[in-house]
Amino acid sequence: MQFSGKRKKLIGSSQNDLYGHCLQFYGQPPLDNISLAEFETLAVERLKLLKTVENLGVSYVKNSVQYSKKLEAEFTSLNFPLRTELGDQKVQGGTSEYEKRRKDHISHFILRLAYCQTEDLRRWFIQQEMDLFRYRFNDLSSKYKTDFLHKNNLKYETVSAEEKNILKDKLINSSYGLSGITVEEYDFYKVPFQDALDLVRTRKVYLLAGNAYIPHSEIVTIVLNDFRTRLSKALAMTARSLPAVQSDERLQPLLSHLSHAYVGQDYSIQKNIGKISLEQIDSLSGKSFPLCMRHVHKALRENHHLRHGGRMQYGLFLKGIGLTLEQALQFWRSEFVKGKVDADKFDKAYAYSVRHMFGKEGKRTDYTPYSCMKVILSNPPSQGDYHGCPFRHSDPELLKQKLQSYKISPSGINQVLELVKGMHYQLACQKYFELTHSVEDAGFSLNHPNQYFTESQKLLGGGRDIKKEVEMSQKGQENPSSMSRPSQESSKQAHEEMGDLDSFFQDE
């Protein structure tokens, strides 16, 4: 496919101009022809990178040694550009620096299409791209920072040597780590103070006559502000042209999928089938269920009924942790008959939907347990519903009361609520995991309710048989797939199949 209304290819020197620096403002859209398979692969890999940026930004101090080390490892793993020299020479992994820069360029524009659709998506995308840009800019040497400024026509007024000498003492006192000698050696830039509000807020710059005096080491703040302005405007323009893109039936399913894509382990394959007994469920719900599933399980036990949203979310989760079809039928029947549904009515109105979920009816599709992003972004609960993500959909005060009832410490509750306030719902759930399992660091990035259960069982020692079963199952598969990367066709099919499954979970 092509990316521009002007169908031209970049060739020769124009390509070198575009990828002449390892960092860019993404001002010029790519004009390459790429396949739909490459379109999706590039998008998924950049999404993995941005998810890592988000998780590291909350778990570590940004630009700390640990933060930088882990992010650099992710860059290397996903083959995104870090080197400053451009060349076609192959490096470890078989990818040239030019190919990495091309990947960085195209993947950014693909995610623009996916994340321009709503205000929440745009906000998330801008924040992660800004954090990514900050890390990459700070990693440049002074020479390449200057080259970037010149290449992008960022002409900030340089403070003259005479003015620096007059203001030397004030510049030293207002700027971190500067002495008289370094002031003489450093370039300072004079910019309107409103362009440096972050530095003004933290009192890192000298202010005079409406201008902020920015040392070269802090110029990233000004550049980042420019990047944010450009990206925000670009996303708004992309959103206006989105209907034309969505009319392409090849792209629409892909873009819809990417905005809430799950890029972790595939839990649709029942590797632990039969490992969980019905008698264990109540105990496991208190020890190893994520809060969303613990909440819906409690509601089922109390009300002996769940509306279709809760049945889908919880039913697929139970299937994923190892319940067989026979166990699932017995579980749902035994609970519903305690309420207003007799056994005969259950068999007529609900049993078919359970069998359908296990791929034994209808299209005979093996349905996938919901990922965290699907729980958070799709089908929000209304009054009388119990599905959804408690960190996303619960009132903060009610969430606080729930956490208190589960004996979470006051300091732990405050940490969770701070993450919720920052809209880091998956990280809030990960913090809940750490608090309920008494560990400092969970050691994984949470993306799926079934991942929460598996990691909990490993930690508690109850997952030894499960782990063994997983290993045996993986050995028995010719092409084991640890990552979920649905193709354009399968994304569309999954969307249609979930809609088909919805029709079997109708309330009365």
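**Exercise 1. The lining of the largest cavity**

Task: In this predicted model, determine which helices each supply at least two residues of the lining of the largest cavity, and describe that lining by class.

Solution. 
Step 1. The helices in question are α14 (291-303), α19 (372-377) and α23 (425-437).
Step 2. The lining consists of 13 residues. Those nearest the centre of the cavity are Cys292, Cys372, Cys389, Cys429 and Pro449.
Step 3. Sorted by class, the lining of the largest cavity holds 12 nonpolar residues and one polar residue, with no charged residue.
Step 4. The space in the largest cavity amounts to about 100 Å³.

**Exercise 2. Helices α14 and α15**

Task: State how the axes of α14 and α15 are arranged, and identify the residues that make the contact.

Solution. 
Step 1. Two packed helices are described by the angle between their axes and by the distance between those axes.
Step 2. The axes of α14 and α15 come within 10 Å, with a crossing angle of roughly 115°.
Step 3. Angles of 65 to 115 degrees count as roughly perpendicular, and α14 is therefore roughly perpendicular to α15.
Step 4. The crossing of α14 past α15 is left-handed.
Step 5. On the α14 side, the contact is made by Cys292, Met293, Val296, His297 and Leu300; on the α15 side, by Gly310, Gln313, Tyr314 and Phe317.
Step 6. By class, this contact comprises six nonpolar and three polar residues, and no charged ones.

**Exercise 3. Helices α15 and α16**

Task: Classify the orientation of α15 relative to α16 and describe their contact.

Solution. 
Step 1. Helix α16 covers residues 325-336, and its axis comes within 11 Å of that of α15, crossing at roughly 140°.
Step 2. Only angles over 145 degrees count as roughly antiparallel, so α15 is oblique to α16.
Step 3. Arg311, Tyr314, Gly315 and Leu318 of α15 meet Phe331, Trp332 and Phe336 of α16.
Step 4. The contact of α15 with α16 contains five nonpolar residues, one polar and one charged.

**Exercise 4. Helices α15 and α24**

Task: Describe the crossing of α15 and α24 and the classes of the residues in their contact.

Solution. 
Step 1. The axes of α15 (residues 308-321) and α24 (residues 449-460) come within 10 Å and cross at roughly 40°.
Step 2. Angles under 35 degrees count as roughly parallel; α15 and α24 are therefore oblique to each other.
Step 3. In passing α24, α15 makes a right-handed crossing.
Step 4. Phe317, Gly320 and Ile321 of α15 form the contact with Pro449, Asn450 and Phe453 of α24.
Step 5. Four residues of this contact are nonpolar and two are polar, while none is charged.

Conventions
Residues are numbered from 1 along each chain as its sequence is written. This is a predicted model: local features need pLDDT of at least 70, side-chain atom pairs count only at pLDDT 80 or more; totals for chains, interfaces and linings use all residues. Side-chain values use heavy atoms; hydrogens and water are left out. On a 1 Å grid over the protein atoms alone, a cavity is a set of points where a 1.4 Å probe fits but cannot get out, and a pocket is an open set with protein on both sides within 12 Å along at least five of seven lines; lining residues have an atom within 4 Å of a point. Grid points are joined across faces, edges and corners, and a volume is the space filled by probe spheres set on the points. Helices (H or I, at least four residues) and strands (E, at least two) are DSSP runs, numbered from the N terminus. Ala, Val, Leu, Ile, Met, Phe, Trp, Tyr, Cys and Pro count as nonpolar, Asp, Glu, Lys and Arg as charged, and the others, Gly among them, as polar. Axes are lines fitted to C-alpha atoms, for helices over the stretch in contact, and angles run from 0 to 180 degrees between N-to-C directions. A crossing is left-handed if the near helix is turned anticlockwise from the far one by less than a right angle, and right-handed if clockwise. Contact means heavy atoms within 4.5 Å.
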